[in-house]
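Trainee: Could you go through this structure with me? I'd like to take it piece by piece.

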Amino acid sequence: MRPISLVAVIITLLIALICQLFPWVGQGVILRPDFMLVVILYWLLRAPNLCNVGTAWIAGILVDLATGSLLGQHALSFTLTAYIGLSYQRRLVLFNPWQLAGYVFGLLIFERLLMLFLKLFEGNDYPGWTYFLPVFSGLILWQLMILMFGALTRPKTR
Amino acid sequence: MLKGVHQKLEPQQTPAFFVRGASPFSRMVFFCALSITMMAIDARLNYLSQIRQGFIAALHPLEMVANAPSNWVRDINRYFSVHNQLVQENYALKQQAFEHRVRLQRLSTIEAENTHLRSLLNGDIPIQPKAILGEISHTGRDPFSLVVVVNRGSQHNVKAGQAVADSKGVIGQITRVFPFSSEVTLITDKELSIPIQIERNQLRAIAFGEGNNTLDIPYLPANVDIKVGDKLVTSGIDGIYPAGLAVAKVTKILQNPESPFAKIISTPVAEVSNHLQLLILELPQAKESVPTTKPVEVKNKPVIEKKSADTSADTSSNSSAQPSSQTATPKNKAKPNAPN
């Protein structure tokens with residue numbers, strides 16, 4: 001794993017924010033991945049010295065402000081997801097790519113469920129199963145991040 | 001001597017292999033508490049709206065960057081639109097303009113007659129609302145709330161609470177205003193209600209958004225005189241929506257033998273998803289000013305005014321069937337199946 005500079009983290013987060021602000025229409029709104037969450041999770045698991053729970057919170061606040069939802073909703077769900085992600089961070093080196101993908105899938109599902117809970121608490125209706133589609137597009141984005149910035153798992157030496 | 005070395009080494013003895021500052025757990029607890037506090041403040045108090053506005057203004061350049069690709073695509077499409085198509089469109093528009101002009105002639109005579117009759121009866125002369133033309137810049141990014149964002153903001157004198165319509169009918173109401181953009185909550189949003197009138201028999205009622213592209217008219221008795229296909233128009237007694245704008249068409253009436261109320265479902269006539277231009281109508285000046293800093297209050301406004309109008313002027317038995325204690329608090333809207 002090559003070392004990561006803080007500049008790369010900040011630039012990718014900025015790009016993720018722009019993608020979040022992109023005017024999605026039609027099916028795109030349903031399918032669009034949670035850019036900020038996937039990027040923040042990647043850096044959190046890849047370079048925990050540069051990115052921690054606090055960074056996830058700031059990313060969540062930015063998403064809250066951008067989407068116009070209740071201030072703190074995304075921040076809360078991002079913080080909790082980041083914490084759970086971090087608690088297994090040192091063991092991820094031993095995972096194979098499939099296990100890692102499963103781990104990230106679990107984290108994304110957890111965040112969606114938490115967000116759904118908060119939204120239902122606020123008084124919204126259950127939006128249907130398509131609400132969970134961003135988890136799958138998020139996994140694709142996750143693989144894209146790995147392609148661009150390197151895998152988390154140990155490379156095969158044999 | 002040995003002790004001295006030990007003292008020198010002492011600060012290094014804390015393990016420095018994984019420097020992480022505060023432990024993730026304590027950070028998690030701190031930030032969770034912070035976000036829950038912010039949610040509570042944002043939901044109950046209005047201190048954070050200023051911060052939000054400032055942030056949205058700061059985000060404007062980023063938003064322009066994000067919007068650029070789709071704008072380019074649109075411009076390129078416009079540039080390459082076929083000549084034949086333009087000619088056809090021009091022809092159709094000219095025809096439409098001609099028809100409208102003919103109709104407008106009749107309208108002006110009728111309007112003059114109406115003002116004259118009203119002045120004879122010492123009535124108020126209806127005010128013609130002014131409007132600002134806006135363009136939808138994007139739909140809401142939150143799948144839970146039905147909003148669109150338009151490219152007109154406080155710099156263009158847009159205020160929270162203004163009604164928004166397109167050529168077919170009412171779209172919704174401005175709920176948040178930012179310097180260069182503002183948020184329009186659609187009438188189908190669960191938070192919004194709109195005072196309406198059945199065009200056929202002038203029956204007054206309130207329509208509530210259902211959150212799934214339909215409107216619900218609760219608290220009307222099962223034998224109410226509403227048919228499928230009836231047109232709903234704004235009644236204009238709320239002081240926000242001008243009277244007579246088309247709102248929706250009744251599409252379904254469900255009769256539930258266990259409930260004393262009819263379940264009336266209607267679909268909006270405005271076509272939000274079909275075009276970009278919309279009109280932001282000015283608030284009528286005659287009524288008292290609407291608080292601009294509290295969007296939630298503005299949402300509640302039509303209903304409260306409807307209630308007072310009901311108690312003062314309503315003599316028809318049909319529309320007084322609405323339980324007033326429930327209409328006053330649309331936040332905890334009771335479903336028609338659950339009378340108080």
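Predicted model: local features only at pLDDT ≥ 70, side-chain atom pairs only at ≥ 80, totals over all residues.

Trainee: Ok, barrel first. How many strands close into the barrel in chain B, and in what order?

Mentor: The barrel in chain B is closed by 6 strands, in the order 1-2-5-4-3-12, with antiparallel pairing. On average, neighbouring strands of this sheet are turned by 45° against each other, direction ignored.

Trainee: And what holds paired strands to each other in a sheet?

Mentor: Strands of a sheet pair through backbone hydrogen bonds, and the pairing is either parallel or antiparallel.

Trainee: Take strand 2 of chain B. How many bridges does it have with strand 1 of chain B?

Mentor: There are 3 bridges, in the antiparallel sense, between strand 1 (residues 131–139) and strand 2 (residues 147–150) of chain B. Within that pairing, Ile136(B) is opposite Val150(B), and Thr139(B) is opposite Val148(B).

Trainee: What about strand 5 of chain B, how many bridges there?

Mentor: Strand 2 of chain B pairs with strand 5 (residues 182–186) of chain B over 4 bridges, again antiparallel. Val150(B) turns up here too, with Ser182(B) in strand 5 of chain B as its bridge partner.

Trainee: Are the faces of strand 2 of chain B covered or open?

Mentor: Both are covered. Val147(B) and Val149(B) are buried on one side, and Val148(B) and Val150(B) are buried on the other.

Trainee: Switching topic: how many cavities of 30 Å³ or more does the structure hold?

Mentor: It holds 5 of them. The largest cavity has about 140 Å³ of space.

Trainee: Which residues lie nearest the centre of the largest cavity?

Mentor: Its lining has 14 residues, and those nearest the centre are Ala66(A), His138(B), Arg141(B), Val149(B) and Glu183(B).

Trainee: Now the rings. How many aromatic pairs are there over all chains?

Mentor: A search of the whole structure gives 13. In one of them, the ring centres of Trp43(A) and Phe149(A) are 4.9 Å apart and the planes stand at 65°, so the pair is edge-to-face.

Trainee: Why does that pair tie together parts 106 residues apart in sequence?

Mentor: Because Trp43(A) lies in helix 3 (residues 35–46) of chain A, while Phe149(A) lies in helix 7 (residues 133–149) of chain A.

Trainee: Are Trp43(A) and Phe149(A) buried or exposed?

Mentor: Trp43(A) is buried, at 0% relative accessibility. Phe149(A) has a relative accessible area of 17%, which is under the 20% cut-off, so Phe149(A) is buried as well.

Trainee: Which residues do ring pairs link into a cluster with them?

Mentor: Tyr42(A) and Trp142(A) join Trp43(A) and Phe149(A) in that cluster.

Trainee: Last one: what sits over the ring of Tyr131(A)?

Mentor: The charged end of Arg112(A), 4.5 Å from the ring's centre.

Definitions and conventions
Residues numbered from 1 in each chain as written. Chains lettered and ligands numbered in written order. Heavy atoms only, no water. Pairing = 2+ DSSP bridges. Helix = DSSP H or I, 4+ residues; strand = E, 2+ residues; numbered from the N terminus. Axes fitted to C-alpha atoms, helices over the stretch in contact; angles between N-to-C directions. Phe/Tyr/Trp six-rings, centres within 6.5 Å; stacked < 30°, edge-to-face > 60°. Buried < 20%, exposed > 50% of the residue type's maximum accessible area, 1.4 Å probe, protein only. Lys NZ or Arg CZ within 6 Å of the ring centre and 35° of its normal. 1 Å grid on protein atoms, 1.4 Å probe; cavity = no way out; pocket = protein on both sides within 12 Å on 5 of 7 lines; lining within 4 Å. Points joined across faces, edges and corners; volume = space filled by probe spheres on them.
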